[in-house]
Amino acid sequence: MSQPPQALPEKAAQTTPDQPWPLRTLSRKVDEYVDRMSPLWVEGQLVELSRRQGAKLVWMTLRDVDADLSMRVMAPVGVVDAVQPALQQGARVVMHAKPRFYPKNGSLSLFCKSIRHVGVGELLARVERLKQQLTAEGVFDAGRKRPLPFLPRRVGLVCGRNSAAEKDVVENARRRWPTVQFVIQNVPVQGPQAVTAVIAALEELQRTPQVDVVVIARGGGSFEDLLPFSNEAMVRAVAACPVPTVSAIGHDVDNPLLDLVADVRASTPTDAAKLVVPDAAHERQGVTQGRERLRRALTGRLQRERHGLEATRARPVLADPITMVSRPRAELEAVGERGRAAVRRRLASEEQRITSTRGHLRALSPLGTLERGYSVLRTQDGRVVTSREEVEADQLLRVTVADGDFAARVVGG
């Protein structure tokens with residue numbers, strides 16, 4: 001007897017390699033899940049509008065305004081005709097729609113029941129709210145802005161293909177500095193693809209060697225045309241760019257958020273060309289003026305030094321250079337002579353003082369007394385006799401006179 005078929009898992013998490021879902025089961029499950037979804041309001045930009053004669057449905061393609069993502073939409077003719085002004089490709093709309101899944105080909109689409117244009121007032125309010133949010137985060141702070149290089153090796157340019165903005169930037173920059181090099185990235189600058197294309201071009205230029213500055217340029221247009229340049233994703237991409245950026249969007253009166261986040265804002269693409277490269281003629285004139293000022297400064301310095309040298313040479317000491325030696329020598333000899341004279345005087349004075357002192361000492365010394373006829377008596381043990389009572393008869397004494405000594409004996413007393 002044959003085995004009864006095994007029951008399929010009820011939930012996706014219960015499937016295994018041994019018990020998988022057939023593709024039809026998965027498709028049915030997805031269809032059931034999508035069918036349970038409620039109708040919702042969704043926003044996007046119309047990039048395709050297909051309407052056939054006599055058809056009851058109009059097919060459209062709705063694209064995300066920030067990401068490279070789109071979805072097919074079908075709507076009854078009456079719903080489309082009720083929209084005023086009439087729908088055009090590129091219009092930004094909100095739709096009330098119910099998602100639908102087609103199991104046979106696995107595609108997802110929307111069935112639209114109502115369509116409204118997104119008004120300029122609402123778009124302005126959204127841009128203002130985004131501006132306040134980014135300002136609070138410090139994305140627009142002046143402290144994070146970087147100066148542009150004086151002379152970039154290569155200039156990155158993001159602009160529309162064959163656009164007036166490209167022509168203005170390139171021609172005016174080369175008119176100012178003929179050898180400037182450009183790396184140009186041509187992208188859509190309005191519509192649903194603008195944001196992703198500009199961001200991709202910016203990332204490509206960051207990876208390109210020797211690109212020292214990036215210019216994002218576009219001519220004038222309506223507020224809706226310039227709306228991609230107030231997109232949050234683009235603003236954050238420019239804020240994170242390591243290369244200095246210049247925003248040259250529209251005219252002077254246009255103020256997309258890109259102007260606030262860029263390192264430098266140019267009022268027009270022509271103004272951007274003036275900002276990224278110097279004027280060769282002006283710089284040449286500056287070099288010429290600088291050389292002339294330097295020449296005058298050097299000439300003046302040489303003249304002052306020459307006059308100073310001539311004045312120095314005219315001094316008497318340089319007119320007779322030997323004076324520089326003879327005069328100090330004479331002064332030195334005079335000082336030496338005064339020193340020797342002083343020494344001689346001091347020696348003579350000291351010699352006289354010594355002689356006088358010697359005379360005084362001689363007069364006061366015992367030898368001087370002996371020379372005047374006196375003598376000194378001493379006993380044999382060397383004791384001086386000062387009294388008659390200190391000697392005895394027949395005692396032998398030592399008599400010292402001026403020129404020597406001799407012995408004497410005491411005779412009777």
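**Helices and a parallel sheet**

Okay, so let's start with helix H4, residues 164-176, and helix H8, residues 269-276: their axes come within 8 Å and cross at roughly 35°. Keep in mind that this is a predicted model. The crossing of H4 past H8 is right-handed. Who touches whom? On the H4 side you've got Ala165, Asp168, Val169, Asn172, Ala173 and Arg176, and they meet Pro269, Thr270, Ala273 and Lys274 in H8.

H5, residues 194-207, and H6, residues 232-239, have axes that come within 9 Å and cross at roughly 10°. Angles under 35 degrees count as roughly parallel, so that's what we call H5 and H6. Here Ala194, Val195, Val198, Ile199 and Leu202 from H5 meet Ala233, Met234, Ala237 and Val238 from H6. And how does that contact divide by class? It's 9 nonpolar, no polar and no charged.

On to the sheet. It's open, 5 strands, parallel pairing, and the order reads S7-S6-S8-S9-S10. At the edges sit S7 (182-186) and S10 (264-265), each pairing on one side only. If you want to find the spot, look for Ser247 opposite Arg265 in S10.

Finally, back to our helices. H4 packs on this sheet and touches S6 (154-159), S7 and S8 (211-218), with its direction at about 175° to that of S7. H5 packs on the sheet too, touching S6, S7 and S8, and its direction makes about 170° with that of S6.

Conventions. Residues numbered from 1 in each chain as written. Predicted model: local features only at pLDDT ≥ 70, side-chain atom pairs only at ≥ 80, totals over all residues. Heavy atoms only, no water. Axes fitted to C-alpha atoms, helices over the stretch in contact; angles between N-to-C directions. Helix = DSSP H or I, 4+ residues; strand = E, 2+ residues; numbered from the N terminus. Parallel < 35°, antiparallel > 145°, perpendicular 65-115°, else oblique. Contact = heavy atoms within 4.5 Å. Nonpolar A, V, L, I, M, F, W, Y, C, P; charged D, E, K, R; others polar. Left-handed = near helix turned anticlockwise from the far one by under 90°. Pairing = 2+ DSSP bridges.
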